[in-house]
There are 2 protein chains.
Amino acid sequence: MNGAESVIRTLAGSGVSVCFANPGTSEMHFVAAMDEVSELRGVLCLFEGVAAGAADGYGRLTGRPAAVLLHLGPGLANGLANLHNARRAGTPVLAIIGDHATYHKRLDAPLESDIGALAGTVSSWVRQTARASDAAADVAQAVAAAMAAPGRIATLILPADVSWEEAGGPAAPLPVRPPAAVPEQVIEQVAAIVRSGEPSVVLLGGTGLTEPALLAASRLTSGTAVRLLAETFPARHERGAGRPTVERLAYLAEAALPQLAGTRHLILAGAASPVSFFAYPGKPGSLVPPGCEVQVLAEPGEDIAGALAALADLAVPGARPCPQEAIRPAIPDGDLTGQAAAAVIGALLPENAIVCDEANTAGLWLPQATAGAPRHDWLSLTGGAIGQGLPLAAGAAIACRDRPVLALEADGSAMYTISALWTHAREQLDITTIIFANRAYAILSLELQRTGARTDSQVAQSLLSLARPDLDFTALARGLGVPATRALTAADLAAQLERALAEPGPHLIEAVIPPFS
Amino acid sequence: MNGAESVIRTLAGSGVSVCFANPGTSEMHFVAAMDEVSELRGVLCLFEGVAAGAADGYGRLTGRPAAVLLHLGPGLANGLANLHNARRAGTPVLAIIGDHATYHKRLDAPLESDIGALAGTVSSWVRQTARASDAAADVAQAVAAAMAAPGRIATLILPADVSWEEAGGPAAPLPVRPPAAVPEQVIEQVAAIVRSGEPSVVLLGGTGLTEPALLAASRLTSGTAVRLLAETFPARHERGAGRPTVERLAYLAEAALPQLAGTRHLILAGAASPVSFFAYPGKPGSLVPPGCEVQVLAEPGEDIAGALAALADLAVPGARPCPQEAIRPAIPDGDLTGQAAAAVIGALLPENAIVCDEANTAGLWLPQATAGAPRHDWLSLTGGAIGQGLPLAAGAAIACRDRPVLALEADGSAMYTISALWTHAREQLDITTIIFANRAYAILSLELQRTGARTDSQVAQSLLSLARPDLDFTALARGLGVPATRALTAADLAAQLERALAEPGPHLIEAVIPPFS
């Protein structure tokens, strides 16, 4: 077998079963070798950012890496923004970058560029395979590197001749180290804080937002001065009726500071110490209040649920978890606003749904409106690189064919990776996309104000507006093979969402809303 | 004035008059300061790859850099593929990357990444401005660096606090060094080759494909054994009736090798020594025939037209240039194929047009069909990173408001940066886009064969196909505000193209053709 087949058989043997691909000439032997190994399925994406975002969605749901097959430096560059988001999410992803043949690189052919430098900006592990006989062992290491807790980006650069030359057989999977247990001494230190009665916040992130971790964490609030908060942009937050509800730390520092005010101990459980998303003139960068001590209970790569359970057992023995009651908003009538849309979604969110949330300013009302809906997973934009939602939904739907996926998408962000809809259609994925069409980069109007820049700027008004001409997302969706409707009232949205959810396959609803509504 | 205004005033003073922008929070002070300086106009692009490609088109036509305003590392990453193409084109481009405030970077906020590493892969000049008082001087240097012949990518990383803090005034423009003259000794060496009577090829590239250079080069063929060839993917090739026609070196090595066979001297005038675009098993990487000596007449950054004129004066005194006669193909009847489409375009190409060619396999017949059309500029995909054509057309049209622009675009490539159409619409640019819809990454079916991979691969057939579902480019264009039609016959295309060219503003025609037709 050739090097490509040895790589693919090693992937299949290591449990990698999906390859999101946008291949080019240097990947042709890889693509052809996929015929020999039915355990690895190729999914075509029409842009590398879609492939990378899909791998992120897939990895968040399965805990296993998908492969992403990209073409040389520019192909990787196109995928980097969503690999950045995946890195921030702690998602396992295996990027395979086809390169020129080893002996061709010195010729500086038109597509030659520094792949290693690009890969290094997002990857915990980068290797350029030197010979076909090394390829299988290299990819086994790459998979293990991607699986290292909490999940990393591993990038294997695969020259074309390594793919086409003869190689030995596949390599055996390497053992994956499970998340490390938190030392008992740390648990005891934090237990002392919990028992101290001093105002404390446990900030949950990463696997600290899975159901077992949330159940354990909620016990900590029983008869103590402990409150729970979730990190601002969780990779995967298990929510809904029957699970403890945890409020998220606000994106806006102006709102986050009151959430943390008076806190004496900030206990980190899989979350980073909170900082302002951007800097603003004269405002603090760290959100930790003065006089508050930060204590790490568990790092993102550690056994967070285990640590929370041990902490609860020790600090508040006998305390019981506080699950959320089932409660939904009523379907509203009248104008369609962000608030009304959130109520419609809260009223109709199906059991076991996966929500991919890139609603940005339009999503302000969503957390509250969906807190008591049936159990669901909430996936956020972890790294701030927009254009993530539609690809993320593709990967989530491929990971969980039996679960409904809801993509909640801001109009400006949707345009970055709109061709993801074509993959929704080709794969007949059960994804309902709601585009919040407020015809603006609304967040930036807010940021213009917050940064203290002049808000009467005509240039800013033009550069932050998506009007002239209005984007017609129903036409765009139809052009990409996804049936689409437009909602102008809350009742429209409810009827259209109900219909889309009832029917398998992809749908898109353009929800026309005023900014900041 | 603040740092941002000092930067913008310096840009305006240095002759930079357009800023293609996709800004975020860290660029808000920059955007607001643009109100103060009407000489720099902001053009909104809905994706950074569009902004970067537009700057490439603008720079190729004007010889001056446009600014590209991008948001942090992920924004730059999204622009890198088209910056790669611009680098290969030798286009002057000034990338301005808004960064977090200097003191915020240590907090590792979600959007933090290694901007310098990304910029380094495409830029000849990279600087992170440290203080507001340095910003004006830094940007003056950046402009000069971008203008260094033949044109480079200069990247200025501008932290948010540098933009908002008080600065001095703007900096004066720095002198730009003109292209160096080729030493007389080199001219004499090459003149000896020309006079030797040995079979020689002058391979023209860069500014060697402007009208003055072509007129001079064509004199070299008079009564000598010298032939002319153009590099495979010229940044800007001045063509059409009245100018000497020069055949391009073929993309396929199988076709390029016969073009060069028997050549004893390969004389490079602004072109690189030719290499195969990709490596193929058992095939040579360099296209220089055995026994052929390579001689550099002029490097890309030198005065190529001057060198060619001096060479002709010395080697073939009194020889006259050989301009192309005016001749157009007839408008064909019957089925729409790539060949028929080329004839329609050759028949209707307007005087003084700018053609942005990313037609890929569908473009095989275009050079011949348009050789005798009225004078026009032909811009190609220089770096092989697809998704260039529609952005390039936007930049070209903004550079030359009075010239008609024709974007010839393969369907697969169009999908990478399809939102460029929205900028065509917003700016009401006189661009007619023809999408060659063959429903496949056709080039890759060919490459699959050429790399020797198994061509019966089912996986390859699926991953190289754009069908299931078919993309509807007329719907996509309408969704983005561009009026669109679909051509199914040669007569359809002729009628629709005639109408689109007659009417100002953007239009799109989806030309449905079979692959390799």
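Biologist: Which strands does helix α20 of chain B lie across, and at about what angle to β17(B) does the helix run?

Modeller: Keep in mind that this is a predicted model. Helix α20 of chain B, residues 490–502, lies across β15 (431–437), β16 and β17 of chain B. Its direction is at about 170 degrees to that of β17(B).

Biologist: In what sense do β16(B) and β17(B) pair?

Modeller: They pair in the parallel sense, over four bridges, with β17 covering residues 507–512 of chain B. To find the spot by eye, look for B:Ala484, which stands opposite B:Leu508 in β17(B).

Biologist: What is the order of the strands in the open sheet of chain B?

Modeller: Follow β9-β13-β12-β14-β15-β17-β16, seven strands with mixed pairing. At the edges of the sheet stand β9 (237–239) and β16 (484–487) of chain B; each has a single partner strand, so one side of each is left without a neighbour in the sheet. From one strand to the next, the twist averages 20 degrees.

Biologist: Let us turn to helix packing. How is a pair of helices described?

Modeller: Two packed helices are described by the angle between their axes and by the distance between those axes. The crossing of α12(A) and α20(A) is right-handed.

Biologist: Which residues make the contact between α12(A) and α20(A)?

Modeller: From α12(A) come A:Ala340, A:Ala341, A:Val344 and A:Leu348. The residues from α20(A) include A:Leu493, A:Leu497, A:Glu498 and A:Leu501. Sorted by class, this contact of α12(A) with α20(A) has nine nonpolar residues, no polar ones and one charged.

Biologist: What domains does the assignment give for chain A?

Modeller: The domain assignment gives domain 1 (3–164), domain 2 (184–315) and domain 3 (338–512). Taken over C-alpha atoms, the centres of domain 2 and domain 3 of chain A are separated by 28 Å. Their contact takes 16 residues from domain 2 and 17 residues from domain 3 of chain A. On the side of domain 2 of chain A that touches domain 3, there are seven nonpolar, four polar and five charged residues.

Methods:
Residues numbered from 1 in each chain as written. Chains lettered and ligands numbered in written order. Predicted model: local features only at pLDDT ≥ 70, side-chain atom pairs only at ≥ 80, totals over all residues. Pairing = 2+ DSSP bridges. Helix = DSSP H or I, 4+ residues; strand = E, 2+ residues; numbered from the N terminus. Axes fitted to C-alpha atoms, helices over the stretch in contact; angles between N-to-C directions. Contact = placed C-beta atoms within 7 Å. Left-handed = near helix turned anticlockwise from the far one by under 90°. Nonpolar A, V, L, I, M, F, W, Y, C, P; charged D, E, K, R; others polar. Domains from an automatic or database assignment.
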